[in-house]
Amino acid sequence: AELEPFVIGNLEYTPLNRDTIIDGNIYPTVEVGQAYPSSNDIPIPKPTGALIIPATVENGGITYRVTAIENHTDKKATPGGFYGCPQITSISFPDGLQRIGYKAFAQDPNIEGIITIPASVNYFGERAFYGCAAITHIELQSENIPNLETTVVGIFTLIPGNDLNPDLYPIFIIPKGQIDNYLAEWNRIQFVYYEDSSNVFS
């Protein structure tokens with residue numbers, strides 16, 4: 001039987017029909033997003049300040065790994081995980097996260113500074129960081145290039161405007177020696193600024 005979503009605090013977790021293997025152990029998985037009340041419920045406040053996505057969450061005696069930031073309903077009908085949360089100022093992602101989905105943080109204009117994407121993330125959905133104008137850098141820790149649902153333009157445009165203006169995008173911090181690989185894999189990215197991680201964090 002399909003397990004129902006559950007809410008802890010102001011985050012909603014939806015069990016997924018796929019397991020993940022970590023250190024030889026098999027774990028059930030969930031995706032996470034902001035909690036939307038049903039029509040008769042008391043409104044649930046949106047997340048504010050520092051958003052910390054947990055690595056694991058327990059419900060009904062089951063420990064789940066959090067592997068995706070997505071929306072469990074039809075993706076085009078309902079906004080993504082933390083779409084339109086203007087009071088979020090920073091994000092901390094857990095190791096083991098695999099997917100940052102459709103509009104996961106779109107229109108969150110006060111997330112600021114450097115956003116660190118753990119090496120476990122292997123997928124970015126359309127408009128995942130669209131309109132996040134205060135982000136300055138995105139640090140990508142994976143040497144395996146994550147897949148993109150659309151293009152860098154469609155996912156990482158922080159300020160809508162002329163696609164070829166590099167000031168509309170974050171500066172990407174790439175693992176040492178991997179810039180050419182990212183350039184080859186993520187087409188239409190050559191006009192975006194890069195830094196080698198060894199230059200930034202030396």
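These figure legends walk through several close-ups of one predicted protein model.

Since the model is predicted, local features need pLDDT of at least 70 and side-chain atom pairs count only at pLDDT 80 or more, while totals for chains, interfaces and linings use all residues.

**Figure 1**
Helices (H or I, at least four residues) and strands (E, at least two) are DSSP runs, numbered from the N terminus. Of the 202 residues, 45% are buried; that label means under 20% relative accessible area, with exposed over 50% and partly exposed in between (1.4 Å probe, protein chains only). A contact here means heavy atoms within 4.5 Å. Among contacts with a separation of 6 or more, 56% join residues 24 or more positions apart.

**Figure 2. The largest nonpolar core, with 41 residues.**
F93, I100, F105, F124 and F129 have the most contacts inside this core. Several elements each supply at least two of its residues, including β2 (11-22), β3 (25-34) and α1 (152-156). A nonpolar core is a set of buried Ala, Val, Leu, Ile, Met, Phe, Trp, Tyr and Cys residues joined through side-chain atoms within 4.5 Å. In soluble globular proteins, nonpolar side chains tend to be buried together. Look around F105: among the residues it touches are L51, I69, F82, I91 and F93, leaving aside residues up to four places away in sequence.

**Figure 3. Aromatic rings that pair up, 13 pairs in the whole structure.**
The rings of F6 and Y13 are stacked, because their centres are 5.6 Å apart and their planes meet at 25°. Both partners are tucked away: F6 is buried at 8% relative accessibility, and Y13 is buried at 3%. F124 and W186 make an edge-to-face pair, since their ring centres are 6.4 Å apart with planes at 85°. F124 lies in strand β10 (residues 123-124) and W186 in the loop between α2 (179-185) and β14 (194-196), so this pair ties together parts 62 residues apart in sequence. F124 is buried at 0% relative accessibility, and W186 is buried at 2%. For the rules, rings of Phe, Tyr and Trp (its six-membered ring) pair if their centres lie within 6.5 Å; planes under 30 degrees apart count as stacked, over 60 as edge-to-face and the rest as tilted. Ring pairs also link a cluster that includes F82, F93, F105, F124 and W186.

**Figure 4. R65 with its charged end over the ring of Y27.**
That charged end is 5.5 Å from the ring's centre. A charge sits over a ring if NZ of Lys or CZ of Arg is within 6 Å of the ring centre and within 35 degrees of the ring normal. R65 belongs to strand β6 and is buried, with a relative accessible area of 15%. Not counting residues up to four places away in sequence, R65 touches residues including T20, I22, Y27 and D95. Elsewhere, the charged end of R99 sits over the ring of Y123, 4.0 Å from its centre.

**Figure 5. The hairpin of β5 and β6.**
Strand β5 (residues 56-59) pairs with β6 in the antiparallel sense over 4 bridges; strands pair if DSSP finds at least two bridges between them. N59 stands opposite I62 in β6. The hairpin has 2 residues between its strands, and G60 in the turn has a positive phi of about 60°.

Notes: Residues numbered from 1 in each chain as written. Heavy atoms only, no water.
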